[in-house]
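Please look over the sequence and the model below. A short report on selected parts of the fold goes with them.

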Amino acid sequence: MQTISTQYGDLIPQYTDDNLRKREILPVEYHASGTVKSVPLEKQTLFSTSAGDIPGELISFHENGTINRIFPLNGKLSGYWSQDDEAGLAKPLTLTTPIGLVRAKVLSVSFYDNRNLRSLTLWPGETLSVPTPVGPVEARIGVSFTPEGKVRSLEPAKPVTVPTRAGEMTAYDPDAVGVNGDANSLVFDEDGKVRQVITTLTKLTVVHPDGHTHCHIPETRESLCSEAEQEVVPMTVTFSEDEVSVSTDPDVAPLVLPREGHVFFAEPHLPQLANPFVELHCSV
């Protein structure tokens, strides 16, 4: 039986596929330099990390050999094995994080190449209360941290109003998908100011240098639930020291405006009141 040598000991890659969860043998992957990149494991293995001991069935590494991401479970979803089946195997972990001890079921835990915690990705239905520069926010899907241990971003579990350079905006993305917790709807800069908001509930008005105004609102598209209905497309607003960018269509480059000479102000926007045929979100 061949083993893979790592900084965390010798690992046994997956070599069997004789159960409902693991219906194929996944390959070991390597970086271009030849160092190991990811290893699907034959059995769940315990790894010692800066966040505590974490069990893993799939693990990936940075090129310097430190852990990139650990997946406690790695079952293959199919008609024979559902997400609910996999969730039934998930156990809460107690982790040491920059926001204190956290106990939750996680899909994955990610680290920087200096071993500091980068992000937590939560199981569907799990939430965390996260202390942020704008106060405590209930988060779902995930939360990420800077290399220095500050909260970088999180996915609000419900609409939350936060202060921005344009005034108060409501952060919430009904379309958020929990692939990982690295990038989220509410993002902070190094100084703790709101850097980015994804929203369906805010209108951004821009006053241009010549005095004319333009309103940016979340667009709509044909609903996935019904051709007769429309649903809201989340709008992304990003702030920097010199610019503000607005994206109302993920397939089109964002509009970037200099802060100098422009005035930006935000106000609530309720698309379902403006158009009674608009659905904010639906399950498919």
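The report starts with the whole chain and then turns to selected strands and residues.

## The chain as a whole

This is a predicted model. The chain has 284 residues, and 45% of them count as buried. Its secondary structure comes to 2 helices and 26 strands. Along the principal axes, the C-alpha atoms fill a box of roughly 75 × 45 × 35 Å.

The accessible surface is about 14700 Å². Carbon and sulfur atoms account for 51% of that surface.

## Glutamate 57, a buried charge

Glutamate 57 sits in strand β5, which covers residues 52–61. Is glutamate 57 buried or exposed? Its relative accessibility is 8%, so glutamate 57 counts as buried; the cut-off for buried is under 20%.

Several parts of the sequence supply its contacts.

Strand β8 takes in residues 100–104. β7 and β8 run antiparallel and are joined by 5 bridges. The two strands form a hairpin, with 2 residues between them.

## Leucine 122 in β10

Strand β10 runs over residues 117–122, and leucine 122 belongs to it. Leucine 122 counts as buried because its relative accessibility is 4%.

Which residues does leucine 122 contact, beyond its neighbours within four places in sequence? Ala104, Lys105, Val106 and Leu107 are among them, as are Thr127 and Leu128. Ala139, Arg140, Ile141 and Gly142 are also in contact with leucine 122. Lysine 150 is 28 residues away along the chain, and its C-alpha atom is 19 Å from that of leucine 122.

## β13 and its two partners

Strand β13, residues 151–156, is mostly covered, with 5 of its 6 residues buried. One partner is strand β12, residues 135–145, which pairs with β13 in the antiparallel sense over 5 bridges. Phenylalanine 145 stands opposite valine 151 of β13. The hairpin of β12 and β13 has 5 residues between the strands. In this hairpin, glycine 149 takes a positive phi near 95 degrees.

Strand β16, residues 186–188, also pairs with β13. This pairing is antiparallel too, over 2 bridges. Here leucine 154 stands opposite leucine 186 in β16.

## A three-stranded open sheet

Which strands form the open sheet, and in what order? There are 3 strands, ordered β19-β18-β25, and their pairing is antiparallel. The edge strands are β19 (213–216) and β25 (263–268), each pairing on one side only. From one strand to the next, the twist averages 20 degrees.

Strand β18 covers residues 202–207. β18 and β25 pair over 6 bridges, in the antiparallel sense. Valine 206 has phenylalanine 264 as its bridge partner in β25.

Technical notes. Residues are numbered from 1 along each chain as its sequence is written. This is a predicted model: local features need pLDDT of at least 70, side-chain atom pairs count only at pLDDT 80 or more; totals for chains, interfaces and linings use all residues. Side-chain values use heavy atoms; hydrogens and water are left out. Two strands pair if DSSP finds at least two bridges between them. Helices (H or I, at least four residues) and strands (E, at least two) are DSSP runs, numbered from the N terminus. Buried means under 20% relative accessible area, exposed over 50%, partly exposed in between (1.4 Å probe, protein chains only). Accessible areas come from the Shrake-Rupley method with a 1.4 Å probe; for residues, only the protein chains shown count as cover. Axes are lines fitted to C-alpha atoms, for helices over the stretch in contact, and angles run from 0 to 180 degrees between N-to-C directions. Contact means heavy atoms within 4.5 Å.
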